[in-house]
Every structure is written in structure tokens, then in C-alpha cells.
Amino acid sequence: MVDARTPSRLAWLLVAVISVVLAVAIVFLILGIGTPLPDESFGFKGWGILLAGALAIAGFLVASRVPSNAIGWLLLASGVSTAVQELGQQYANYGLFTSAHALPAADVGAWITEWIWIPSMALVALHIPLLYPDGRLPSPRWRTVVIVGTIGAILGTIGFALAPGDLESTPGVRNPFGIEGADWIRNVGDVVMLPYVLGLLGGLASLAIRYRRARGDERQQLKWLLL
């Protein structure tokens, strides 16, 4: 029999993991504060800290109070991946540009930022819209959207992670895990992202349909999500 306090403890554990990872990321952010990120990097410096913190708070509130609702756990999982992405980016920025060769495997940090955003976004922009607000799909037929979008996310992640040559988000840095000679991986990776995009659009469509059908509290919850 599972202890009733286990979900709350797990939620606290995930928040602790996010907090520790972000604390280390903040250290490298401060150390490299004067070094700009590559122009190809997404967002402003430290954006991942704010996002991961918001995901951790929202996820904890849902997961600890309504553990049966998958949304809280999805938010926490996305918070973990976003925190890891931020750490990878700040670690790489310091180890590659602020103080070159000062850190081991700085290129691995850059490599992490190259692909981890795909599953992280899939959790927030694909699965949560389909499950919001009660943690269940609008109907069984929406499983197709989940499957198609998830497959696209998985294949896209693999493609970005293994594409040879320079990392797109960090030009001049070779992919340490790229399969040399397999230049087709990058092109295939772009193509297989199409099901992922279709899944994201399907998630938005499910929200629109729910909103049209919703009444009372559920409609207010949907307004909150849109806000």
C-alpha cells in the first residue's frame, strides 16, 4: 500500500532537484555574466531560471494537492528539464567562452541545450493542453494526437542530438556525439519534427474545443491557462 504522503514527498524531491540544479546554474551565470550568449541561443540570459522556477512552483502546488492529476507531474518534469537546459547553457558559456578550457566537457553542456528543449516543450505545449484541466483527454480519439506528437518529439530529439557538425545553438562547437558522415540526420530531423508540430497544433485545438464546451469553473480554469 502506497503511503498517502509519498506523492507530496516526491513533489518536494523534484522541487529540491530543480533548486539545486538552478543554484549551480546561477553560479556559472554570475561567473560568466560579462560573456554574451551566442546570437543563435534562445532567449535572454537566465530566462531558464525564471521558467524553471515558475514550473516548479505550479507543478508542486498541483502534484502535492491533487497527485492523481498528471498536469502537476508534467510541470515538474518540464521544470527539471528546463533547469538542466539552463545549467548546460551557463556551464557551456563559461567553459567555452568566458574561460576556455577551464571546465571539462563544456561542449557536452552546449550539446544538452541543443536537444533538451524538444521534450521539455512537448510536456508543456503538447501534453498539458490536451489534459488540462482535469488530467484527462477530451475523448479517447485524442490519443492519436498524443501518439503522433510524442513520436515526432522523440525522433526530433534524436535527430538534433546526433546530427554531425557544429551545434546550431553554439556555432563553432562540434557536436561531441554527432555521427560523422551522416549529414542526412539533420535533414531527417527537421522532417520528423512535422508530426511534433502537428501535435502541438492539436493540443491548442483541444483547448479551443474544451473552451467552447466548458461552463462555470472549467471555463474559468481555461481562461487562467490562456492568461
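The side chains of threonine 35 and threonine 98 are joined by a polar contact of 2.6 Å. A polar contact is a pair of N or O atoms within 3.5 Å; within protein, one must be able to donate a hydrogen and the other to accept it, and residues adjacent in sequence count only if both atoms are side-chain atoms. The model is predicted: local features need pLDDT of at least 70, side-chain atom pairs count only at pLDDT 80 or more, and totals for chains, interfaces and linings use all residues. Residues are numbered from 1 along each chain as its sequence is written, and side-chain values use heavy atoms, with hydrogens and water left out.

Threonine 35 sits in the loop between H1 and H2. Its relative accessibility is 16%, so threonine 35 counts as buried (under 20% relative accessible area, with a 1.4 Å probe and protein chains only). Leaving out residues up to four places away in sequence, threonine 35 touches Lys45, Asn93, Phe97 and Thr98; contact means heavy atoms within 4.5 Å.

Now the two flanking helices. H1 spans residues 6-31 and H2 residues 47-65. Helices are DSSP runs (H or I, at least four residues), numbered from the N terminus. The pair packs at an angle of about 170°, axes 10 Å apart. H1 and H2 are therefore roughly antiparallel (angles over 145 degrees). Residues in H1 including Trp12, Ile18 and Leu22 meet residues in H2, among them Ile49, Ala56 and Phe60.

Finally, confidence. The chain averages a pLDDT of 90, and 97% of the residues score at least 70. pLDDT is the predictor's confidence in each residue, from 0 to 100. Helix H8 (residues 216-226) is lowest, at a mean of 75. Helix H4 (residues 106-115) is highest, at 96.

Definitions and conventions:
Axes are lines fitted to C-alpha atoms, for helices over the stretch in contact, and angles run from 0 to 180 degrees between N-to-C directions. Angles under 35 degrees count as roughly parallel, over 145 as roughly antiparallel, 65 to 115 as roughly perpendicular and the rest as oblique. Buried means under 20% relative accessible area, exposed over 50%, partly exposed in between (1.4 Å probe, protein chains only).
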